[in-house]
Amino acid sequence: MTSPQRYISRRSAVLFMAGLGLAGTLAACGSTPSTPEASTGASTTAAAGPVELTLVTYAVTQAAYEQIIPKFAEKWKAETGQEVTFNQSYGGSGSQTRAVLDGLEADVVALALAGDTKKIEKGGLIEPGWESEAPNNAIVHKSVAVLVTREGNPKNIQGWEDLARDDVAVVTANPKTSGGAKWNFLGAWGFKTQTGSDDAAALDFVTKIYKNVPVLPKDARESTDVFFTRGQGDVLINYENEVLLAAAKGEKLPFIVPDVNISIDNPVAVVDANVDKHGTREVAEAFVEFLFTPEAQEEFAKVGFRPVDPTVGEKFADQFPKIDTLFTIADLGGWEAIDKKFFADGAIFDQVQAKIGK
Amino acid sequence: MADSSLKQPIAAAAPKPQGATSGFQWGKWLLVAFVFGYLALILLVPALNVFIQALKGGLPGLVDTFTSKSFVNAVKLTVIATAITVPLNTVFGLCAALSLANKNFPGRSLLISIIDLPFSISPVVAGLMLVLLFGNRGWFGPLLDANAIKIIFALPGIVMATIFVTMPFIAREVLPALEENGTQQEEAAATLGATPWQTFWRVTLPSIKWSLLYGLILCNARAMGEFGAVAVVSGNIVGKTQTLPLFIEEAHVQYNTQAAYTASLLLACLAVVTLVLKYLLERSAGIQSKGH
Amino acid sequence: MTSFPPSSSQGFWHQILHASWPWRVTWLYLTLFLFLPIAALLLKALTLNPAEIWRIATDPVAISTYNVTFFTALVAGIINGFAGLIIAWVLVRYEFPGKRFLDAIIDLPFALPTAVAGLTLSTIYSTNGWIGGFLEPFGIKVSFTRLGVLVAMIFISLPFAVRTVQPVLQDLEAEAEEAAWSMGASQWQTFWRVISPPLMPAILTGVAMGFSRAVGEYGSVVIIAGNIPFQDLIAPVLIIQRLEQFDYAGATVVGTVLLLISLAVLLVINLIQARGRRFYG
């Protein structure tokens, strides 16, 4: 029953099965085309064989990039004779940032806020000074915060101030689960501090607003769903581009663009470590440059982003009402200071929630 | 045990308990109604909603989604990942069950609890664990990088995440069956001169085949539908590392509700297919569902 | 060889040293796919100093999420325990039209992706949904409240409750019941004294497994919940929040707390089940 011969044959049977499993896994690993490593050998010289570029960006930009990428590929081929194919990844800005930091080999990152790009810079994958490597401080498109109301605006919401009223229920995404949702909070805060009030008044204001919040959806998409499909709340704070995209896809509701507003600036950057590794720097930089051309900017405008190119901005002027008082992240102190002041553990947002919860 | 099939007639022939037969019927139908009601609230109505949402755009919408390249690639990837996961987990499940069944040693309950753990670990945490191990800044990160091996953000990572989340199914299904069967038949085979491998293949395996199949079907269904852990480790590269559940999520975020529900319909149908399969297999064996 | 009972003459350590290959495969697999990841988690959590770990683990919001998560999961488990018993009873003992369909659909929560489950449950139970709209006039709000969290948890833990009781009920020897009846016990007495005791471990196991699954669930709960701290924010969402802050270590701390509590619960249940086996096995 336990003779050595039988042990050996059983052992080899097990090893064989385990080996099959491992072999299968490794084979799949080796054959999967998702490894950008494939392009390293091909592009040591420019305009050589085909090249693969990995673009990592956040979710709602897909509609625009789907149009832009073929245009760029065509242009690049005409100019250099090189074929360029794109690996595209769309996801939450924060998750994408973490993915890149953990090894997702992006050549170009287009995230929802410069704070995320800075995190990648801090991780050593992007060289400092990336802001000046592209036009307009590397901001490729923008948006603003808007207040979506019900049909006919029964609660008569006219601006930020109305959100603090007792009879208004506000829906806004959770800035702790969605980095992009920080814009909503900062818009409300800045409404006070950028028009002469001090921090105490601003704190009071946002506390009142968040007291009126019955649901904190995990991100912008969820908040549209909660407000529109599941009928919660009287007013929704969301980004203009999100609201325009939803309207285009059939979820249409009236909205107000407040006069005092925050400039939602979306950056784009080349990931130095990866492009040098893949040898794709030239293509990547050309792609980023292309994003600022009127051709590409129009695609962004079509899906609801405010273009940074002035001529395209003119063209789409009716879609994007002008803002009287537009403040930026710089006005509020920069992302690092903002994160520390508002969104870190025990910082202002946590304090507001604690106050409301008790 | 083989006797179970005999128990049905015995129960049926058992004397009815005191109380009028008509009273008993009332009780029965009340309970049945409760079950239907409870399941309707919790399962049936939500499932119906998925069907309806998917079919809202009519047939052209369905065809559009099913023929889009990213959808087809997502399905392919899901199937491949599952096809690797399920056999590996089966080998583990059988080995674990064989090691634990009908044995007594200190720490046995602890080992079973440990095997149960993947059920309770939040899928995102599972993905996070793998990133901590194989990510850029993880334990094996530099080693993998130096050898140009990709685990995270490639198929192996997806497979590992799926393995983690579906690990306990087969072990937990087969173990009770082995325990119930006891060891008499294996002992008998040994006394007749069978080698351990022959014993396993010819005696043990056939006696647990239904539990094993049930475990396989559940493992398969769960593996195909896994979202959380895979979302963290896949990188979600369209057409390459995007599984079907990730495709659904992305379609949803892009406000392509039609595509999202359509793909969900496919996954839900998959669930039904595996369940029907299970039922057919059970029926062909002439025994009722044994469950866990 | 592997299904031979261990001979009493061979000590525990002897068995370890001459381990069978299923044993080796089991341990190798567990090490590779379970222990290693868990070790990574624990060690990452330990990169913080103990004071920091304590602060994160016992933060008021965190504590309220443990409360919401574990308490709601427990309630869901208990409700499913009762419902699961009834459902299993009905499926095993009775015949009725649609029985096979019901039996098959019990496993649906296993197969449906959690996000889809969350979306559809949330839509149906919101105030303008099919069921939610029906409940609204009574003042009952499900979506975006703890009740919604409860519904989602019931959904995903239902299969456990049913499938652990079903086989035991099926194999329950009818002779004991017959004997009880023939000696004049009422239906109720029969149920309590003869049928329940052997069922208890199985019911408890189903409750516990469903409980632990509900504790870890994120995808469906986060969509149906309001995610308001101190009201219906669950612990897995807290983990996501830490990750959004790029605080991996903090996320692993919360993850570890969840893991330890879950392990404790599972251990208790499996010990009870082990005792139960000896009782009626």
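Start by selecting A:Val56: opposite it, in β3(A), stands A:Val109. This is a predicted model, in which local features need pLDDT of at least 70, side-chain atom pairs count only at pLDDT 80 or more, and totals for chains, interfaces and linings use all residues. Residues are numbered from 1 along each chain as its sequence is written, chains are lettered from A and ligands numbered from 1 in the order in which they are written, and side-chain values use heavy atoms, leaving out hydrogens and water.

**The sheet of chain A**

Select β1 (residues 51-58) and β3 (residues 108-110) of chain A. They pair in the parallel sense over three bridges. Two strands pair if DSSP finds at least two bridges between them. Strands (E, at least two residues) and helices (H or I, at least four) are DSSP runs, numbered from the N terminus.

With β1(A) it pairs in the parallel sense over eight bridges. Find A:Val51; its bridge partner in β2(A) is A:Val84. Is β2(A) enclosed or open to the outside? Seven of its eight residues are buried, so β2(A) is largely enclosed by the rest of the structure. Buried means under 20% relative accessible area, exposed over 50%, partly exposed in between (1.4 Å probe, protein chains only).

Six strands of chain A form an open sheet in the order β2-β1-β3-β10-β4-β11, with mixed pairing. At the edges lie β2 (84-91) and β11 (306-307) of chain A, each pairing on one side only.

**Across to chain C**

Show chain C beside chain A. Here 34 residues of chain C are in contact (heavy atoms within 4.5 Å) with 38 residues of chain A. The two chains bury about 2900 Å² between them, 56% of it on carbon and sulfur atoms. Buried area is the accessible area (1.4 Å probe) that two parts lose on being put together, summed over both.

Pick C:Trp21, C:Glu244 and C:Phe246. These supply 24% of the area that chain C buries against chain A, more than any other three residues.

Next, zoom in on A:Asp345 and C:Arg55. Their side chains meet in a salt bridge (3.2 Å, N to O). The term means a side-chain nitrogen of Lys or Arg within 4 Å of a carboxyl oxygen of Asp or Glu. Between chain C and chain A the count is three salt bridges.

Finally, colour the helices of chain C. The largest share, six residues, comes from α13(C).
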